[in-house]
Amino acid sequence: AINSKNILDCEFDGAKFVYGKDVKVTGFYGRATNADSVGQKSLENEDFYAVDVNTKVAGIPVYATYYDSEYQNKEIWNVGAALKVADKTVLKAEWMHGDSDVEGDSNGYVATLAYAGAKASAPGSYGVWATYYDQPANAIFSPTFDLTSFMEEGGYEGWSVGVDYAVAKNVLLCVNYYDTEAKVGNEKD
């Protein structure tokens, strides 16, 4: 799978290739099919590809992903890991580096601390999480939450918290709160 929804989360028409088991390599080539934000519109009009490698190092899940689009001549490298820090508690961290025609910072990161986790197949299961974001415009295409104006303001930084609860089988209740601001200018969301 292409890993980071903090960099890219939209639907595509294209081709996907997967190879391997212990070291899984995924390749993708295509164009976005839903143009809900600036990043998705750019990907809709340009060829896009990504290569991803997933494995475990000393039992720790790690990945590295390369993204490329002709829009703004943007290339992004992304690496991440998920470390179990206590019973049912995981620290996920990812670093991204972007090169493009956009002025500003090139390096960003996202860190999440998560406890337990709601499973759609297990009614009564729950999870809580908190995330910190520091993502320049050079290191994002179209993230999960809509920050259209922030992409024009040099990127964003901030935090979010959430609770997920499995109300019934295959029914999840998710409550999230985000507090973000543009890295350039005074805009907040």
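The chain contains 2 helices and 10 strands, as seen in a predicted model. Read from the N terminus, the elements follow the order β-β-α-β-β-β-β-β-β-α-β-β. Of the 189 residues in the chain, 35% are buried. The chain exposes about 10400 Å², and carbon and sulfur atoms account for 54% of this area. Among contacts between residues at least 6 apart in sequence, 48% join residues at least 24 apart.

The 10 strands form an open sheet in the order β1-β2-β3-β4-β5-β6-β7-β8-β9-β10, with antiparallel pairing. Strands β1 and β10 are the edge strands, each of which pairs on one side only. From one strand to the next, the twist averages 15°. In general, the strands of a sheet pair through backbone hydrogen bonds, in either a parallel or an antiparallel manner. Within the present sheet, β7 and β8 run antiparallel and are joined by 8 bridges. Alanine 116 stands opposite glycine 127 of β8.

The segment before β1 (12-19) includes isoleucine 7. This residue is buried, since its relative accessible area of 0% falls under the 20% limit. Beyond its neighbours within four places in sequence, isoleucine 7 is in contact with Tyr67, Ile76, Asn78, Met96, Gln135, Ala139, Ile140, Phe141, Ser142 and Pro143. One of these residues, methionine 96, is 89 residues away from isoleucine 7 along the chain, yet the C-alpha atoms of the two residues are separated by 8.5 Å.

Salt bridges were considered next. A search of the whole structure finds 3 of them. One is formed by aspartate 47 and arginine 31, whose closest N and O atoms are 2.9 Å apart. Aspartate 47 lies in the loop between α1 (38-45) and β3 (48-57), whereas arginine 31 lies in strand β2 (residues 24-32), so this pair ties together parts that are 16 residues apart in sequence. Both residues are partly exposed: the relative accessible area is 25% for aspartate 47, and the relative accessibility of arginine 31 is 37%.

Lysine 183 takes part in a salt bridge with aspartate 105, the closest N and O atoms being 3.9 Å apart. This pair links distant parts of the chain, 78 residues apart, with aspartate 105 in the loop between β6 (89-99) and β7 (107-116) and lysine 183 in the segment after β10 (171-182). Aspartate 105 is partly exposed at a relative accessible area of 45%. Lysine 183 is also partly exposed, with a value of 25%.

A further salt bridge joins lysine 183 to aspartate 134, where the closest N and O atoms are 2.5 Å apart. Because aspartate 134 lies in strand β8 (residues 126-136) and lysine 183 in the segment after β10, the pair ties together parts that are 49 residues apart in sequence. Aspartate 134 has a relative accessible area of 15% and is therefore buried, the limit being under 20%.

Terms used: Residues are numbered from 1 along each chain as its sequence is written. This is a predicted model: local features need pLDDT of at least 70, side-chain atom pairs count only at pLDDT 80 or more; totals for chains, interfaces and linings use all residues. Side-chain values use heavy atoms; hydrogens and water are left out. Helices (H or I, at least four residues) and strands (E, at least two) are DSSP runs, numbered from the N terminus. Buried means under 20% relative accessible area, exposed over 50%, partly exposed in between (1.4 Å probe, protein chains only). Contact means heavy atoms within 4.5 Å. Accessible areas come from the Shrake-Rupley method with a 1.4 Å probe; for residues, only the protein chains shown count as cover. A salt bridge is a side-chain nitrogen of Lys or Arg within 4 Å of a carboxyl oxygen of Asp or Glu. Two strands pair if DSSP finds at least two bridges between them. Axes are lines fitted to C-alpha atoms, for helices over the stretch in contact, and angles run from 0 to 180 degrees between N-to-C directions.
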